[in-house]
Amino acid sequence: MGSSSELLLAADSSLSPLLLQAIVKIVVLIGGLMTAAAYFVLLERRMAAWIQDRRGPNRVGIPLTGIRLFGLGQPLADGVKFIFKEAYTPAHVDRWMYLFAPIAILVAALVVFAVIPVGGMVPAVPGLADGGQPISLVVIPGFDSGLLLVFALSEIAVYGVLLGGWASNNKYSFLGGLRSSAQLIAYELPLGLAILGVVLASGSMNLEQVIARQAQSGLWFVLAQPLGFVVFVIAAFAESARVPFDLPECEQELVGGYHTEYSGIKLLLFLVAEFLHMITASFLIVILFLGGWHFWGITGGPDAEIGWLQSLLRVAVLLGKVFLVILFFMLTRWSWPRFRFDQLMALAWKIMLPLGIANFIVVAALGEVRAWYDPKFADRFWEWGLALPNWVTLVLGWLAVAYSGTLVTDNRPQRTSRGSDSHAEGFS
Amino acid sequence: MSTAIVPLVLFVLAATGLAVGLLTAAWLLGPKRQGLTKQMPYESGMDPIHDTRRRFDVRFHLVAIVFLLFDVELLFLYPWAVASRDARGFSLLASQSDRFSRPLVFAEVMVFVGLLTLGLVYVWRKGVFRWR
């Protein structure tokens, strides 16, 4: 990595390789993400059709030729349609906040990818590399507070939702905005606690380092911290507002949730941002818990020599895993019913948060035990051996949730010997 | 970290440019029609009864405050989590790094988390999480 002056301009006042490299990465990433979001919409619609035993969008192909191409032209047609729709701003809204909300949410959803690696390193490309050094496949290489940035930007999404709902000056929008901001902030906590477990185990908030740590030991964090993984996946579903946590826009109850008053391109920005949240969540699940670009036996360790074949293989492994996780998101969407709002909040505060705290305490305590006996953090026995107590924690946590049952999840009035409504006392 | 800020700012600018560009393109290319009914808030065909800016349930406020407390306290744990894995980083945390300074710091963190849990139990018993 060069210094900042090196990054800005080279000596002959042309663009320095590092700046050029950053620009290329940003352009490729934004283009790729927008395309991916569009085509995942198509995939999701085809998948819905498949599950509901119908055909789905399969008509739009190359215009004027009648070639259908399995409906692959649909996202392009949709995009063009959205641009030619009226950019309507209703008269009763708070104009500037109304415009600002979709921009803020989309920008935050895109900028998260500045610290998310889409692979390992690739060999130097002439003109782009700084003195023949390999190129890291992340926009900001070596950014040590990457997870903090992810965390901060995911909370800006709350602003987008809340501002959109408030500025619309519509009761459905407002209720939708309130509900979804309450949901998003509630699940932010278990998400942070699960991430904390990973940070403890990898000793870094740099996502490249997190992958490198898993590749080094070969022990993915899903194996080392299963309870943290479960908490993280559930919280990530809630953060990206996917079924069964899609209360922000449950059509049957709130018309369209916080974007009821939005139409045309502004609605598109919200929808794209929502899809990007799902893609981000998949990337984070893969990078934090499923080993990133690592796969046993074929991708090599973090210190291996960097060659083209292996780099591309790593990118393929990472994107393949992300794709599988996204498919899981979509399958869940079409096979699960939605939570009720009180159940959602109870799950967040009464189950996920205590489980997250339990996971954190166990991981931290085990780390201390290991530091006592293995202060260099080098022994393989400790690396793998400590996974076992974490699995015990998963089972115990599971049992605790199962046995606490109605105590924490059911908020209906319960008949007790003392009276009809036990809400006044105890945990409810 | 100064090398990080330039790509980050570039990324934010590019993303903002994309969003604003799309909005502008649609504003230039789309039709523009007005109508009295079109300007009404969409509330399932009902005529809106009153303004939206009214009082709402205090529980949202309580949840937001609880979130702020927990989230900020959670952030205090991150520096410790990063440093505790790395022996060199840890020596920055503890004033003298003998064998027992590490468990001591751990015990402090556990007291911190214990207070956090106590707070959770308190607001739980107060019924902040009770939604009916």
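Of the 428 residues of chain A, 57% count as buried, where buried means under 20% relative accessible area, exposed over 50% and partly exposed in between (1.4 Å probe, protein chains only). This is a predicted model, in which local features need pLDDT of at least 70 and side-chain atom pairs count only at pLDDT 80 or more, while totals for chains, interfaces and linings use all residues. Residues are numbered from 1 along each chain as its sequence is written, chains are lettered from A in the order in which they are written, and side-chain values use heavy atoms, with hydrogens and water left out.

The secondary structure of chain A consists of 16 helices and 2 strands; helices (H or I, at least four residues) and strands (E, at least two) are DSSP runs, numbered from the N terminus. Among contacts in chain A with a separation of 6 or more, 74% are between residues 24 or more positions apart, contact meaning heavy atoms within 4.5 Å. Chain A has an accessible surface of about 18100 Å², and 68% of this belongs to carbon and sulfur atoms. Accessible areas come from the Shrake-Rupley method with a 1.4 Å probe; for residues, only the protein chains shown count as cover.

The interface comes next. The size of an interface is often given as the accessible area lost when the parts come together. Between chain A and chain B the buried area is about 7800 Å², with 74% of it from carbon and sulfur atoms; buried area is the accessible area (1.4 Å probe) that two parts lose on being put together, summed over both. Chain A brings 95 residues to the contact and chain B brings 74 residues. The polar count between chain A and chain B is 2 residue pairs in polar contact, both at pLDDT 80 or more. A polar contact is a pair of N or O atoms within 3.5 Å; within protein, one must be able to donate a hydrogen and the other to accept it, and residues adjacent in sequence count only if both atoms are side-chain atoms. Elements giving two or more residues to the side of chain A that touches chain B include α2 (17-51), α6 (171-202) and α13 (341-373) of chain A.

Across this interface there are 0 salt bridges, a salt bridge being a side-chain nitrogen of Lys or Arg within 4 Å of a carboxyl oxygen of Asp or Glu. The whole structure has 4 salt bridges over all chains. One of them joins the side chains of A:E44 and A:R333 (3.3 Å, N to O). This pair links distant parts of the chain, with A:E44 in helix α2 and A:R333 in helix α12 of chain A, 289 residues apart. A:E44 is buried at a relative accessible area of 4%, whereas A:R333 is partly exposed at 29%. The side chains of A:E383 and A:R370 also meet in a salt bridge (3.3 Å, N to O). A:E383 lies in helix α14 (residues 380-385) and A:R370 in helix α13 of chain A, so the pair ties together parts 13 residues apart in sequence. Both A:E383 and A:R370 are buried.

Two loop residues remain. A:Q225 sits in the loop between α8 (221-224) and α9 (226-239) of chain A and is buried, with a relative accessible area of 2%. The side chain of A:Q225 reaches the backbone oxygen of A:G197 at 3.1 Å. A:G300 is in the loop between α11 and α12 (308-333) of chain A and counts as partly exposed at 31% relative accessibility.
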